[in-house]
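Dear colleague,

Please find below the structure that I am handing over to you.

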Amino acid sequence: MKKEETVKLISAEGFEFVISMEAAMVSQTIRNMLTSPGSFAEREHGEVTFPEISTTILEKICQYFYWSLQFAKGKETEFHIEPELTLELMMAANYLHT
Amino acid sequence: MAKRGGMKAEKRNLVHLCIEAASESTETVEIWRRQRRTLEKMPPELAEALLRRLLRRRLVSPSLLEVFQHCIEEIDLKHENCVDAEWMAYLGAFRCLRSLNIADCRAINNSALWAITGMDTLKELDLSRCVKVTDVGIKHLLSIPNLEKLSVSETGVTGDGVSWLSSLKKLSKLDLGGIPVTDMALRSLQVLTKLEYLDLWGSKISNKVAAVLKKFPNLSFLNLAWTDVTTLPTLPSLTYLNMSNCTINSISGGDCGVKAPLKQLRVPGATFIDVHEVFSYIEASQLSFLDLSNSSLHNFQFLAHMDSLTHLNVSFSKIKDESIELIAHVGANLRNLNLSNTKVSSLGIGSLAGMVPNLEILSLSHTLVDDVALSYISTMPALRVLDLSNTNIKGFTYQIGHEQDEAFSLTALQSLNHLERLDLEGTHVKDEALQPLSGLQQLNTLSLKSDFITDMSLHAFSSLPKLRYLGIRGAVLTNAGLYLFNPPPMLETLDLRGCWLLTEDTISLFHENHPRIKVRHEFAQICSISENKCDRSSPQQGTPRTSQLKPKGKASSAPSVFRKEGFVDERLKYRREELLELRSAPLSLVSPHDCGVVLPKTLIE
């Protein structure tokens, strides 16, 4: 995958997740960050930092992005969420509009 | 729950998935409830969505409420019979609770209200039909300083309790419906100058106190239904007035030529002393909603100049064809017209032709209209809902002079590109005449009831792409016909009640072949009784409903079709004799027996 087609998402602890642009666009918030004229840094480097989202949650979010793409294509599998992650994941999802 | 399927986008939404996962079972709740710090900073709308889901899944215990005390601003516990003093004790500790709805919570009594005394965040409180709440309970409310909206309708509160409410100076909405408010009590409320909404239906107030209403300069909503009030002064800010079942002498004093700027007037069942005088003091051009049903009016001249009218209900009135022309003249904005149970015939509908370009809903049920009306109706391009039940519609017209030349009159409806609901129950339409309906692409609800209809019609409707409800009641459908029926793709409900030729085996076979479709038939209930029993035996247990929600599409899941739909037919619990008794009783008395049971909408209607 070319670098232009990927996005780097950085968690509160500094872990970096490199995912495809298409997957990241599942989140309305990230889509806005990467396309709106105001957010120069994000657009230029293809990097978004989330100081409020922990690594565990961000990893789960990335899994969700890919699952969501599959789901939209008709592959209706179940997306399992561990009970202990539900609350924080919910808040992160709310922030990311996904 | 009932709306499963179709909501693909929602099913994919991660917030939604998290809420589902968090309210999976009592075990899952036990895992996340210890994450207090996360709960504390949760945005209110998320916390509220989670709590709503938990309530619906019956996973909320009073002590679980404690974890939500920092993040909930609004809570709706309407109809939750379990809500009692213990729940209230926890709710009283909520830090930012702004709105509390405990209407129809029958366990709430005066002492339970003590827990919310002094809550200065609380602005809205609904205690409707908490029958154990009396004047003593009102005393507890007086210490809630910022209360703006309060409903105590149909509680045990009396005139005394109402008069104490005068100390809640910030009240803008007050619902006192169905309690014996006296003239004296209302007089003591005149200090509440912020009042915008006042509901006094069924109270004991009289004309003497009507002048007090002038003391509320912001009053825009007033309900005086079922009272002895006959004369109202001019209330300059009033836009909504309900005086149903009152005797009306005057709605506006007519002083200084000021006319009442009403937008909505609901006067079903009212008696007018002089209807033309009453309406002469109302600003006709402002009125958009007028309900005159069940009135004994003959002359409708006052409708002239009501150019803003969007809703008009004259059902069960004495309106005749001649008056329909008056409606046509003000029909430009009309969206909803109810002429049911009147003596209106096709002739009257003729005068509406081309005059009601925005009409969306038209009810002609139990009128004298026949097939001629259909061609007039076809000139109403915006029509979405059309009720022609119990009329003289036959489905064909004879060309004048050519007795043999039959033309199918329902063909006229094909020009209505927005038609979603069509009711032809109790008409004499036969199979061939129904064929034109198969061209109605937007139709989602079709109701038929006639003993002239056979298998032929059933198959004709297979091709309707958006049909969700199909009712063919009392028809001569056969087992073979139902077996060969290929349901439309979106069909959710097939109502076959009274189709006496169908056997139990055929109905259950249809279940198996089409597990997503809910069938209503006398035998369909018998098939499902056993399942419903086992479903009800474990109401507390968090049955894994989420797994049921996923369409499996396998024949093996067919027997649980009724449980999957998320409702239990109330009729199953009763014997026939009991049912007949219940039929005359209001539904509100029936349903509270088990609040987990939700009747399908069509059954309630």
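The notes below set out the conventions and then the findings, part by part.

This is a predicted model, in which local features need pLDDT of at least 70 and side-chain atom pairs count only at pLDDT 80 or more, while totals for chains, interfaces and linings use all residues. Residues are numbered from 1 along each chain as its sequence is written, chains are lettered from A and ligands numbered from 1 in the order in which they are written, and side-chain values use heavy atoms, with hydrogens and water left out.

**Chain B overall**

Chain B has 25 helices and 23 strands; these are DSSP runs, helices being H or I with at least four residues and strands E with at least two, numbered from the N terminus. Of its 605 residues, 50% count as buried, that is, under 20% relative accessible area, with exposed meaning over 50% and partly exposed in between (1.4 Å probe, protein chains only). Among the contacts in chain B with a separation of 6 or more, 56% come from residues 24 or more positions apart; a contact means heavy atoms within 4.5 Å.

**The nonpolar core**

The largest nonpolar core contains 201 residues. Such a core is a set of buried Ala, Val, Leu, Ile, Met, Phe, Trp, Tyr and Cys residues joined through side-chain atoms within 4.5 Å. The residues with the most contacts inside this core include A:Leu9, B:Phe68 and B:Ile377. Helix α4 (residues 55-72) of chain A gives the largest share, nine residues. Leaving out residues up to four places away in sequence, B:Ile377 touches B:Ile349, B:Leu362, B:Leu364, B:Leu383, B:Leu386, B:Leu388, B:Leu413 and B:Leu416.

**The sheet in chain A**

Chain A has an open sheet of three strands in the order β2-β1-β3, with mixed pairing; two strands pair if DSSP finds at least two bridges between them. Because β2 (16-20) and β3 (47-49) of chain A stand at the edges with a single partner strand each, one side of each is left without a neighbour in the sheet. From one strand to the next, the twist averages 25 degrees. Axes here are lines fitted to C-alpha atoms, for helices over the stretch in contact, and angles run from 0 to 180 degrees between N-to-C directions.

Strand β1 (residues 6-10) of chain A pairs with β3(A) in the parallel sense over three bridges. Within these strands, A:Leu9 stands opposite A:Val48 in β3(A). Helix α4(A) packs on the sheet, where it touches β1 and β2 of chain A, and its direction makes about 5 degrees with that of β2(A).

**The interface**

Between the chains, 22 residues of chain A are in contact with 24 residues of chain B. The area buried between chain A and chain B is about 2100 Å², with carbon and sulfur atoms giving 74% of it; buried area is the accessible area (1.4 Å probe) that two parts lose on being put together, summed over both. A:Leu87, A:Met90 and A:Met91 supply 32% of the area that chain A buries against chain B, more than any other three residues. The count of salt bridges between chain A and chain B is zero, where a salt bridge is a side-chain nitrogen of Lys or Arg within 4 Å of a carboxyl oxygen of Asp or Glu.

**Parallel strands in chain B**

Strand β20 (residues 445-449) of chain B is mostly covered, with four of its five residues buried. Strand β19 (residues 421-423) of chain B pairs with β20(B) in the parallel sense over three bridges, and five bridges join β20(B) to strand β21 (residues 469-473) of chain B, also parallel. B:Thr445 in β20(B) stands opposite B:Arg421, and its bridge partner in β21(B) is B:Tyr469.

**Individual residues of chain B**

B:Cys105 is found in the loop between β2 (99-101) and α8 (110-113) of chain B. B:Cys105 is buried, with a relative accessible area of 0%, and its contacts beyond four places in sequence are B:Leu77, B:His79, B:Glu80, B:Val83 and B:Cys130.

B:His140 lies in helix α9 (residues 135-141) of chain B and counts as buried at 17% relative accessibility.

Most residues other than glycine have a negative phi. B:Arg129 has a positive phi of about 60 degrees although it is not a glycine, and B:Asn245 likewise has a positive phi of about 60 degrees. B:Arg129 is partly exposed at 26%, and B:Asn245 is partly exposed at 31%.

With kind regards
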